Amino acid sequence: MKLALAQLNPTVGDIAANSRLILQSIGQAAEQGADLVIFSELVLTGYPPKDLLLKPRFIADNQAALQEIAAQCQSIGALIGFVCEHTGPTGKQLHNAAALIQNGRVVATYYKQLLPTYDVFDEQRYFAPAKSQQVVEFMGRKIGLTICEDIWQTPDQQTRRLYEINPFEDLARAGVDLIVNMSASPFVINKHAFRIDLFGRQCRQHRIPLVYVNQTGGNDDLIFDGASCAFGRNGELIAQARDFEPDLLLVDIDRPEQNSIASVKSDIASVHDALVLGLRDYLRKCGFRSVVLGLSGGIDSAVTAAIAVEALGADKVTGVAMPSRYSSDHSVNDARDLAGNLGIPFHIIPIETAHCAMEETLTEIFTGLESDITEENIQARLRGNILMAISNKFGSLLLTTGNKSELAVGYCTMYGDMAGGLAVISDVPKIMVYRLANYINREREVIPISTISKPPSAELKPGQVDQDSLPPYEILDDILERYVEQEQSFQQIVDAGFERDVVGRIIRLVDRNEYKRKQAAPGLKVTSRAFGTGRRMPIAQNYTQK
């Protein structure tokens, strides 16, 4: 039996466009001799559809589109993810579903059993779970259908189980010949290696082959890396699609030597490609055609600009330097050199006149008060105003350039450097920003070496550097990973060898600046826990760790 794994990049809510992609893939799979073409989870609606699922017309449109696709699918079987109404007397009104199409009609429907509610997932808000597993017959073989979370349980049970049931085990007991998993699994750095290990171990334990189909593309803060793949009954990887782009992978379960295994990126290369894809799709799916960003001469804006050029092309990226009285000559020169290396339009707009005007405007009400962070932030907010004006005038999306380390501790200015429509590297810790810069420079000097080597600084007062206010980034990022991503306690972090005062201060900064993060531009998720939909902390709270 020949399977086609249709790895598409659907757009959330664009049922008509998604239908065209599906029909195109069905035609291509049929031409290449496939017996069954398999699509990803909710491919018809795009994933995640979120509160579009609360619109009755949206559900009806997706069901009508499924019937239209079925009528045109005559010479090949297809498994398509869609939203189905739940007809039971209790529970949510919808199912996360998959339809098996044969000979121009839907012959079977499967409902997702395990509905995740952790991290970025909130499926119990919308869907009712299936009560039992679904096994379908196709070409004389028993196929067990699963959707994403249904197979995300470790076979050794060394960790706490999230669910009482294990669909993979249930299907094994049912004696299926093959398990199909239709997925929408978001990218996280090094997650694909975990998938390979997890799926391979389950196949090996139960002696059942598996095909896994993932979507690709960016939808809001989530990025999907594709890398759809197939495993033999011994747990060996027998086929793999490309990552970060659409693909149609033919898999012969019976003749694995004829399959292809594309190489996929890992570590910092995968983060780079994820950010490029996430930015490109955010613009394309939101209707923007170009971006603008401030170039400070620092590493954050340099990495953001390089990613933007990779995603959109140099002609779609505009860089703006806005020096103040405290800006060093090397900062402006580094920004100019970066723009030249990237080949992007570059403008210098000094803010000194506007800065003086603001200071004069506030002189009377500030009489007798010492200068402090208020005056520093005026500069950042002036820059935000200038960039937003350019964004409005030319219809370009403003990119913010702050990293995860700064956002965590509030080392950013509301309505200043936080102004913008997308925060490209807001889930990238500072140390990882340096790794990205070196990766971008792997073949030639794109980011000036002086940008990478100089101490980072906001340049909002004379001689300022980040380490005046923060511990070294190696220490800061380690503490932040433990506190934000691993949820370690104050004492656990101290016991790991960090100074009590430093740990206490960083935790207070993280907790105190939740209000800033709630007003930040959406960012692209690349780590296990980003400051976004997967982290839901209260703003007004007073829990103190001792």
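**Reading the backbone and the core**

Modeller: Asp 267 is partly exposed, with a relative accessible area of 29%. Keep in mind that this is a predicted model.

Biologist: How do I read the peptide bond from Tyr 47 to Pro 48, cis or trans?

Modeller: In general, most peptide bonds are trans. The bond from Tyr 47 to Pro 48 is cis, and its omega is near 0°. Pro 48 sits in the loop between strand E2 (36-38) and helix H2 (56-71).

Biologist: Let us turn to strands. Which residues of strand E10 lie on each side?

Modeller: Strand E10 spans residues 216-219 and is covered on both faces. Thr 216 and Gly 218 are buried on one side, and Gly 217 and Asn 219 are buried on the other.

Biologist: How many bridges join E10 to strand E11?

Modeller: There are four, and E10 runs antiparallel to E11, residues 222-225. Asn 219 is placed opposite Leu 222 of E11. The hairpin of E10 and E11 has two residues between the strands, and Asp 220 in this hairpin has a positive phi near 60°.

Biologist: Now the core. Which residues touch the most other members of the largest nonpolar core?

Modeller: In soluble globular proteins, nonpolar side chains tend to be buried together. Here the largest nonpolar core has 53 residues, and Val 271, Leu 275, Leu 279, Val 303 and Leu 399 touch the most other members. Elements that each supply at least two residues of this core include H5, helix H6 (299-312), helix H7 (329-342) and strand E18 (397-400).

Biologist: What is Leu 279 in contact with, leaving aside its neighbours within four places in sequence?

Modeller: Its contacts beyond those neighbours are Ile 307, Ala 308, Ala 311, Leu 399, Leu 422, Val 424 and Leu 524. Another core, of 41 residues, lies apart from the largest one, and its members include Ala 34, Val 83, Val 120 and Leu 248.

Terms used: Residues are numbered from 1 along each chain as its sequence is written. This is a predicted model: local features need pLDDT of at least 70, side-chain atom pairs count only at pLDDT 80 or more; totals for chains, interfaces and linings use all residues. Side-chain values use heavy atoms; hydrogens and water are left out. Buried means under 20% relative accessible area, exposed over 50%, partly exposed in between (1.4 Å probe, protein chains only). Two strands pair if DSSP finds at least two bridges between them. A nonpolar core is a set of buried Ala, Val, Leu, Ile, Met, Phe, Trp, Tyr and Cys residues joined through side-chain atoms within 4.5 Å. Contact means heavy atoms within 4.5 Å.
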